[in-house]
Amino acid sequence: MTISKTDVATTGELPGAILTVKTAEGDVVESWVSTTTPHELELPAGEYQLIEDRTPLGYNETETISFAVGDN
């Protein structure tokens with residue numbers, strides 16, 4: 001799975017955000033700082049949330065995103 005933090009105006013990668021993926025139960029799966037390249041991670045099937053813990057200076061905080069990973 002690829003997670004990309006981009007600037008909506010330029011569509012370029014936006015470094016400096018702290019992002020965390022948690023399970024539906026709230027357990028942290030992985031946390032990282034966004035860079036100029038998309039972040040790769042492998043997740044087993046299940047329900048997750050992507051949370052922005054810190055927003056880059058000058059940007060608005062994004063809402064938590066809930067998503068599911070299927071068996072395939």
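Buried means under 20% relative accessible area, exposed means over 50%, and partly exposed sits in between, using a 1.4 Å probe and protein chains only. Keep that handy for the views below. This is a predicted model: local features need pLDDT of at least 70, side-chain atom pairs count only at pLDDT 80 or more, and totals for chains, interfaces and linings use all residues. Residues are numbered from 1 along each chain as its sequence is written, and side-chain values use heavy atoms, with hydrogens and water left out.

**View 1**
Count the pieces and you get zero helices and six strands; here helices (H or I, at least four residues) and strands (E, at least two) are DSSP runs, numbered from the N terminus. Walking along the sequence, the pattern reads β-β-β-β-β-β. The C-alpha atoms fill a box of roughly 35 × 20 × 15 Å along the principal axes.

Strand 5 covers residues 46-54, and L50 is part of it. Why does L50 count as buried? Because its relative accessible area is 15%. Which residues does L50 touch, leaving aside neighbours within four places in sequence? They are I3, L19, T20, V21, W32, E63, T64, I65 and F67, where contact means heavy atoms within 4.5 Å. Take L19 from that list: L50 and L19 are 31 residues apart in sequence, yet 7.0 Å apart in space, C-alpha to C-alpha.

I51 lies in strand 5 and counts as buried, at 15% relative accessibility. Skipping residues up to four places away in sequence, I51 touches I18, L19, T20, K22 and T64. I51 and K22 are 29 residues apart along the chain and 7.8 Å apart in space, C-alpha to C-alpha.

Rolling a probe the size of a water molecule over the atoms shows where empty space is left. On a 1 Å grid over the protein atoms alone, a pocket is an open set of points with protein on both sides within 12 Å along at least five of seven lines, while a cavity is a set of points where a 1.4 Å probe fits but cannot get out; lining residues have an atom within 4 Å of a point. The largest pocket has a volume of about 150 Å³, meaning the space filled by probe spheres set on the points, with grid points joined across faces, edges and corners. Which residues line the largest pocket? I3, S4, K5, T6, L19, L50, I51, E52, T62, E63 and I65 do. Strand 5 gives the most, with three residues. The lining divides into five nonpolar, three polar and three charged residues. (Ala, Val, Leu, Ile, Met, Phe, Trp, Tyr, Cys and Pro count as nonpolar, Asp, Glu, Lys and Arg as charged, and the others, Gly among them, as polar.)

T23 lies in strand 2 and counts as buried, at 16% relative accessibility. Apart from neighbours within four places, T23 is in contact with V29, E47 and Y48. T11 lies in the loop between strand 1 (2-3) and strand 2 (18-23). T11 counts as exposed, at 63% relative accessibility. Its phi is near 60°, a positive value in a residue other than glycine.
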